[in-house]
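Take a walk through this structure with the sequence at hand.

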Amino acid sequence: AQGRSILEALGKAGLARLFLTDWRSATPSMCNFSIDSYLADLNVAVDEIGAPVHLVGLCQGGWMALLFAARFPEKVSRLVLAGAPVDIAAGESYLSRMTAGAPLAAFESLVELGKGRVLGNHAIHAWGSALSVTDLHRILQIDDGVEEGQLDELKQRFERWNAQTVDLPGIYYLEVVNRLYRENRIARSEFVALGRTIDLARVKAPIYVL
């Protein structure tokens with residue numbers, strides 16, 4: 001949305017060389033994609049761009065950027081993490097309660113239902129949304145001075161975006177559920193990425209956490 005885009009803000013700040021990784025829906029041929037698959041693709045992209053790079057990661061992009069910076073510390077010069085779940089035990093959330101309280105078979109059934117993928121419309125129907133659209137002022141950080149017409153347009157845009165779903169590879173989805181949310185392996189220095197156990201102490205780049 002205009003005025004709420006990180007790329008837009010960075011461009012206005014004078015950064016001319018910007019690259020965006022876009023999270024696309026998984027096709028049937030992507031059923032076996034894992035966390036390592038996406039980290040390997042990110043590694044190729046960074047090499048093509050030219051390391052070291054500044055990484056900005058939102059939500060799942062945040063913890064993946066952190067894993068990448070710990071796996072390849074020489075390739076990352078600065079790291080920004082926004083709303084990234086890293087230490088699941090640090091505080092309770094909708095997603096942590098959901099993954100801790102549901103049996104693993106419930107998550108596996110979503111993968112079976114999607115024939116190897118987790119279809120976004122199935123997941124949102126089964127689990128509901130992690131965000132409530134009833135508190136958009138807080139979620140969108142809307143200033144009191146915003147005109148009513150702009151506010152309505154922004155709310156409608158958010159609701160359309162919030163209703164859109166992305167299909168995920170089943171392998172990736174179950175890895176996230178187990179390794180990240182149920183076992184908290186990143187914070188416990190037990191997460192293995194691209195053949196190496198990740199030690200967050202290897203991250204040497206300055207980190208800004210939002």
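Helix α3 covers residues 60-71 and helix α9 covers residues 170-182. Their axes lie 14 Å apart and meet at an angle of about 75°. Angles from 65 to 115 degrees count as roughly perpendicular, and α3 and α9 are therefore roughly perpendicular to each other. On the α3 side, the contact is made by Q60, W63 and M64. On the α9 side, Y172, V176 and L180 take part. Sorted by class, this contact of α3 with α9 has five nonpolar residues, one polar residue and no charged ones. Keep in mind throughout that this is a predicted model.

Stay with α9 for a moment. Is this helix enclosed by the rest of the structure or open? Buried means under 20% relative accessible area. In α9, 10 of the 13 residues are buried, so the helix is largely enclosed by the rest of the structure. The contact residues Y172, V176 and L180 are among the buried ones. The buried residues of α9 also include G170, Y173, L174 and E175. V177, N178 and Y181 are buried as well. Just after α9, N184 takes a positive phi of about 55°.

Now go to the sheet. Three strands form an open sheet in the order β1-β2-β7, and the pairing is parallel. β1 and β7 (207-209) stand at the edges, each with a single partner strand, so one side of each has no neighbour in the sheet. Ignoring direction, neighbouring strands of this sheet are turned by 10° against each other on average.

Look along β1, which spans residues 53-58. Its side chains alternate. V53, L55 and G57 point to one face and are buried. Next comes the partner strand, β2, at residues 76-82. Six bridges join β1 to β2, and the two strands run parallel. Two opposite pairs can be found by eye. L55 stands opposite L79 in β2, and L58 stands opposite A82 in β2.

How does the chain get from β1 to β2? It crosses through α3, and this β-α-β crossover is right-handed. The helix α3 lies across both β1 and β2, running at about 155° to β2.

L81 sits in strand β2 and stands opposite V209 in β7. Is L81 buried or exposed? Its relative accessibility is 6%, so L81 counts as buried. Leaving out residues up to four places away in sequence, L81 touches G57, G62, A65 and L66, along with I207, Y208, V209 and L210. L81 and Q60 are 21 residues apart in sequence, yet their C-alpha atoms are 9.7 Å apart in space.

Finish with the backbone. Most residues other than glycine have a negative phi, and most peptide bonds are trans. Some places here depart from that pattern. A cis peptide bond joins A51 and P52, with omega at about 0°. P52 is found in the loop between α2 (35-49) and β1.

K115 is not a glycine, yet its phi is positive, near 55°. K115 is found in the loop between α5 (104-113) and β3 (117-118). Its relative accessibility is 75%, so K115 counts as exposed. S189 also has a positive phi, about 55°, although it is not a glycine. S189 is placed in the loop between α9 and β5 (192-193). With 33% relative accessibility, S189 counts as partly exposed.

Terms used: Residues numbered from 1 in each chain as written. Predicted model: local features only at pLDDT ≥ 70, side-chain atom pairs only at ≥ 80, totals over all residues. Heavy atoms only, no water. Axes fitted to C-alpha atoms, helices over the stretch in contact; angles between N-to-C directions. Helix = DSSP H or I, 4+ residues; strand = E, 2+ residues; numbered from the N terminus. Parallel < 35°, antiparallel > 145°, perpendicular 65-115°, else oblique. Contact = heavy atoms within 4.5 Å. Nonpolar A, V, L, I, M, F, W, Y, C, P; charged D, E, K, R; others polar. Buried < 20%, exposed > 50% of the residue type's maximum accessible area, 1.4 Å probe, protein only. Pairing = 2+ DSSP bridges. Right-handed = clockwise from strand over helix to strand, strands pointing away.
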